[in-house]
Amino acid sequence: MRVEHEAESTAERRPKRDREATRRRILDAARDLFGEHGYDGVTVRMIAARAEANMALVHRYFGSKAALFGEVLAGESVIRGVIAGDPAGLPRRLAEHFVRQIERGSVTPMSRMLDRSAGQPEVKEILLQYLEDVIVQPLVAQLDGPDARARALLASTIIMGGGPVRRLLGLSDLRAADPADLTDRLTAMFTAALAAPAHREP
């Protein structure tokens with residue numbers, strides 16, 4: 001009886017594991033394809049074929065291509081973990097994260113997705129929601145004092161501004177700079193952006 005019960009339990013668990021594995025394959029395939037071709041250059045059929053799944057499963061698990069793009073975007077982001085932690089160390093953590101991005105020898109799937117998809121109207125709302133949920137609101141939660149949202153948005157412009165600079169000018173000059181000096185400078189920038197406004201006498 002015990003053997004039969006264990007076999008039944010294994011059979012019950014297997015479909016769930018299979019679903020999770022299929023879902024993961026779809027996410028991985030979508031991440032790669034969005035990075036290679038941008039949002040507009042990818043179809044659900046392409047994603048399903050790359051993931052060795054049928055289109056019905058893609059729609060069942062994610063609902064739409066836009067929703068799948070949003071989930072891939074959120075899953076690829078590491079900035080939420082950078083923001084979390086001791087508020088006093090936040091400017092330094094953001095600076096170190098920025099420098100790590102500069103020092104990467106290759107373009108990340110996340111940056112490729114953003115670079116090749118940012119201009120698509122269908123994903124504009126997804127990108128705005130991503131910015132709000134993953135960067136702005138977590139920053140606001142770390143801040144005390146007035147104008148927390150404005151300060152978080154100011155820091156966000158530093159975080160997100162690297163993309164256009166990278167696309168237009170490249171990062172070779174920044175990569176050639178001293179990483180410690182860059183980190184110190186960026187720490188000062190993030191500190192200034194996130195600081196509560198000084199009290200002014202009327």
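Figure 1. In α2, the buried residues include Val44, Ile47, Ala48 and Ala51, where buried denotes under 20% relative accessible area, exposed over 50% and partly exposed in between (1.4 Å probe, protein chains only). Viewed down the axis of α2, the buried residues fall within an arc of 95°, so they line one face of the helix; the arc is that of the directions from the helix axis to the C-beta atoms. An α-helix has 3.6 residues a turn, so residues three or four places apart point the same way. Arg45 and Ala49, on the other side of α2, are exposed. Helices (H or I, at least four residues) and strands (E, at least two) are DSSP runs, numbered from the N terminus. The model is predicted: local features need pLDDT of at least 70, side-chain atom pairs count only at pLDDT 80 or more, and totals for chains, interfaces and linings use all residues. Residues are numbered from 1 along each chain as its sequence is written, and side-chain values use heavy atoms, with hydrogens and water left out.

**Figure 2. Ile47 and the largest nonpolar core.** The largest nonpolar core has 51 residues, of which Ile47, Leu68, Phe69, Leu94 and Leu139 touch the most other members. Such a core is a set of buried Ala, Val, Leu, Ile, Met, Phe, Trp, Tyr and Cys residues joined through side-chain atoms within 4.5 Å. Helix α8 (residues 121-142) gives the most to this core, contributing eight residues. Not counting residues up to four places away in sequence, Ile47 touches Ile26, Ala29, Ala30, Leu33, Phe34, Val42 and Leu68; contact means heavy atoms within 4.5 Å.

**Figure 3. The aromatic cluster of Phe34, Tyr39 and Phe69.** Ring pairs link Phe34, Tyr39 and Phe69 into a cluster. Four aromatic pairs occur in the structure; rings of Phe, Tyr and Trp (its six-membered ring) pair if their centres lie within 6.5 Å, with planes under 30 degrees apart counted as stacked, over 60 as edge-to-face and the rest as tilted. For Phe34 and Phe69, the ring centres are 5.1 Å apart and the planes are at 80°, so the pair is edge-to-face. Phe34 belongs to helix α1 (residues 2-37) and Phe69 to helix α4 (residues 65-76), so this pair ties together parts that are 35 residues apart in sequence. Tyr39 and Phe69 form an edge-to-face pair, with 5.4 Å centre to centre and 85° between the planes. Tyr39 lies in the loop between α1 and α2 (44-51) and Phe69 in helix α4, so the pair ties together parts that are 30 residues apart in sequence. Phe34 and Phe69 are buried, and Tyr39 is buried as well.

**Figure 4. Lys65 over the ring of Tyr39.** Lys65 lies over the face of Tyr39, at 4.1 Å from the ring centre. A charge sits over a ring if NZ of Lys or CZ of Arg is within 6 Å of the ring centre and within 35 degrees of the ring normal.

**Figure 5. Surroundings of Ala67.** Ala67 is located in helix α4 and is partly exposed, with a relative accessible area of 35%. Leaving aside neighbours within four places in sequence, Ala67 is in contact with Phe62 and Ile126. Ala67 and Ile126 are 59 residues apart in sequence and 8.0 Å apart in space, C-alpha to C-alpha.
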